[in-house]
Amino acid sequence: MTTNGSTDYVFETDGLSVYYDGKLAVDNINLQVKRNHITALIGPSGCGKSTVLRSFNRMNDLIPGASVEGKIIYDGRNIYDDSTDPVEVRRRIGMVFQKPNPFPKTIYENVAFGPRINGYQGNMDELVERCLRQAALWDEVKDKLKENGLALSGGQQQRLCIARALATQPDVLLMDEPASALDPIATLRIEELMHELKEDYTIVIVTHNMQQAARVSDYTTFMSIDRSNPDARIGHVVEFGPTEQIFTNPQKKETEDYVSGRFG
Amino acid sequence: MSTVETTTPTTQAPAAEAVGTYKENRSARENAGRIFFVILILATVFGLVMLALLITDVVVKGIFNDLPGDYMLVTGDISGDTITANEVAVIDPLERIAGSRTQTDRGIAGEIVGTETRTEETRGGDTLNLEFLVLDTEHGEVLIQIDEDTVILDEDEGETPATLESFPVDGSAHVMVIGIERQDFIIGQEILVGPPEGSIAGEIRSFEGPTISVQIASDDGTEELSVQQNITLETSMGRRTVVLEEGTLMFFAADPDGDQTQLEELFGTRPPLTGTVITDFPSRRPREAGMLSGIVGSVIVIGLTALFSFPLGVGAAIYLEEYANRGWLTNLINININNLAGVPSIVYGMLGLTVFVRFFGAFRPSSPLVQAFNIPVEEGAVGGWIFNLFGIPWLEIHLPFGRSLLAGGATMTLLILPIVIIASREAIRAVPPSIREAAFGLGATKWQVISRTIFPIAFPGIMTGMILALSRAIGETAPLIIMGAFTFIAFLPSSIWDQFTVMPIQIYNWVQLPGDAFRVQLAAAGIIILLAIMLSMNAIAIFLRNRFEIKW
């Protein structure tokens, strides 16, 4: 079942399995990610949420010994196809990491980095301002664009990283626990920001925080490790559906245990 | 929030071009960038080598070594017919002069009134013909010993030019004699006894030994005098006994109460850290000895070492950290690099001797290669195949490198390469993985990640390791001695193919010499200079680390 850019789904995974050094880490993931919606991945630690997220933009390629089976259809094409350029995939599918990781450069250069390396031709000042506005950071940093990005607070740094990811004009934003290193106020700002960004981007977020998933996401995927073989720690999808359904009317016992706090 | 709303209409289709456009064909761009980078590195290396050649050729030779044009240089046999009655200045009548050095405070100016040959008997019983030149100077007639290294500055017009008269042996302070002047020859008199025994200044304490007859020359003419041969002097280095021999020069302070240091300043013992230590060439007279050739040699060798080891070392580190697959070959290389960092430096000297100085003997006249292709090689220690690739005079290429600055730099490169690689790898490894992921996540290619994020962030660490490795190299003696660096170089190199010496070798040479002035004063001065250069290099490294290190 192939799709093209005009369909509702940005990603469709088909039997996605990831191995680290030949050892199965996540098994047979089948997911759909809807355009201009926020999809959350929740589940206990070590169940492979981040692994699944990182396979969406081929970041797992950077880990020595990692290999992927199955397909991820993006824009009508399998991103793991031999003819697909992983660099192009990563430009169109941006990523925001758990820990804010701005480059040790100026705020301006942090945002301009992506466009520069991708050969952006246009008004860089305009682009930087637009991205910083989209990340709701412009008013705080407009007078200190030449200061080092590391001088900002943790929440500001994370919004700078979001602005930096937006600057390459991606389709999708992958967020790997973007607020886990932040205080509640900074977390709230990031969540508000995600609601605003939903207008233009598709967002996939991994979170440990179930309230956060319930607050921000439209669809939720609950992942867990295979209980029949707990030592192998093989992740799989337990349940996938609209967020409201997962949190209020879960179809599976395991999901209910987890979202109600009775898990493990 | 309102700011976001105002901008959203322009960003309806974020994946498509909103403000600008993206160029197509990224891989072609990437390759072009990589080729450009390689060309840039090659061009930089080539340019720096050319610059080094140009500097050593034009600046060093031009400024330091050129003679004033008005004077004629006469060496070797001197015919009395042609130069008698000419005003001349004789420089260093007894010292070997290498190259075309003009700056000296040893010399005397006057009119040649005659020549004289004397047959002497040496201590070993051989006979020796000594050539003398009789000069009419402002201090009276002076007998100057001539050998084939004596340099005579002769002016075409036959007049003593002002520059010649300005050669020291200042008549107001000293009287120059051959032999001994009677009226000042008393206990307590400050004198300086000159060559050929080496110079020493001090106060006369006592006379001993057999009585000999000596000639004295002064304004009043020549006369004979009988003195005891052994004179004990109170010098700044303790009591020394001087044996008067044929040819001994003695200088008396014109003022009997004159200051000893006045004489010491002329020659003999000298305060160690005068400027001349760094501006003079090596000499057998401590008063005139310096380490200019050592300093220049060290600077050029270290410069070449930096030039070679930076691209090689950093390139190797980047390859091993970023590109090399984990496997037995990489492990072998890792183990080897770590072991090579601990190999005694003298081993690298042997390696440099075989590989760079001799090219495994490939260009010896008897080698099969030379005979098979009939290559026009020159014989001798630094011989080989010398040819010119582009017809530019200073762009010679010597194969093998011979005992040249280039071979020294290449040997030092081998010595510090493991240290540079290890330090660079540490610096690259210290870049947090999150930075790498961030750059990859933005669609950077591997080379862009390395060249735009990892390398700039690791650069201060790389530079610190580089400078520390170079400051180790600047103090290394053993490999260069094995490689064949010289201990006595009294000229500046004109190209990277010239023979050379370095500071530590000069110091090593001084320490071996018998005179206290060499061992105690000059060697100490040299060590201080070497330490000063080394510590300032380390200070630059620390400054770089503190100034540019990134606090995460």
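## The model

This is a predicted model: local features need pLDDT of at least 70, side-chain atom pairs count only at pLDDT 80 or more, and totals for chains, interfaces and linings use all residues. Residues are numbered from 1 along each chain as its sequence is written, chains are lettered from A and ligands numbered from 1 in the order in which they are written, and side-chain values use heavy atoms, leaving out hydrogens and water.

## A sheet in chain B

Strands of a sheet pair through backbone hydrogen bonds, either parallel or antiparallel. In chain B, three strands make an open sheet, in the order S14-S15-S16. Their pairing is antiparallel. The edges are S14(B), residues 377–378, and S16(B), residues 396–399. Each edge strand pairs on one side only. Strands here are DSSP runs (E, at least two residues), and helices are DSSP runs too (H or I, at least four residues); both are numbered from the N terminus. Two strands count as paired if DSSP finds at least two bridges between them.

S14(B) pairs with S15(B), residues 384–388, over two bridges. Which residue of S15(B) stands opposite Glu378(B)? It is Gly384(B).

Asp61(A) is partly exposed, at 34% relative accessibility. Arg58(A) is buried, at 12%. Buried means under 20% relative accessible area, exposed means over 50%, and partly exposed lies in between (1.4 Å probe, protein chains only).

Asp75(A) and Arg92(A) also meet, at 2.8 Å from N to O. This pair links distant parts of the chain, 17 residues apart. Asp75(A) sits in the loop between strands S5 (66–74) and S6 (77–78) of chain A. Arg92(A) belongs to helix H2 (residues 86–92) of chain A. Asp75(A) is partly exposed, at 32%. Arg92(A) is partly exposed too, at 26%.

## A helix pair and a network

Asp257(A) and Lys253(A) form a salt bridge at 3.1 Å, N to O. Both lie in helix H10 (residues 253–259) of chain A. They are four residues apart, so about one helical turn separates them. Is Asp257(A) buried or exposed? Asp257(A) is buried, at 12% relative accessibility. Lys253(A) is exposed, at 59%.

Chain B has a network. Salt bridges with shared partners join Glu321(B), Arg425(B), Glu426(B) and Arg429(B).

Key
A salt bridge is a side-chain nitrogen of Lys or Arg within 4 Å of a carboxyl oxygen of Asp or Glu.
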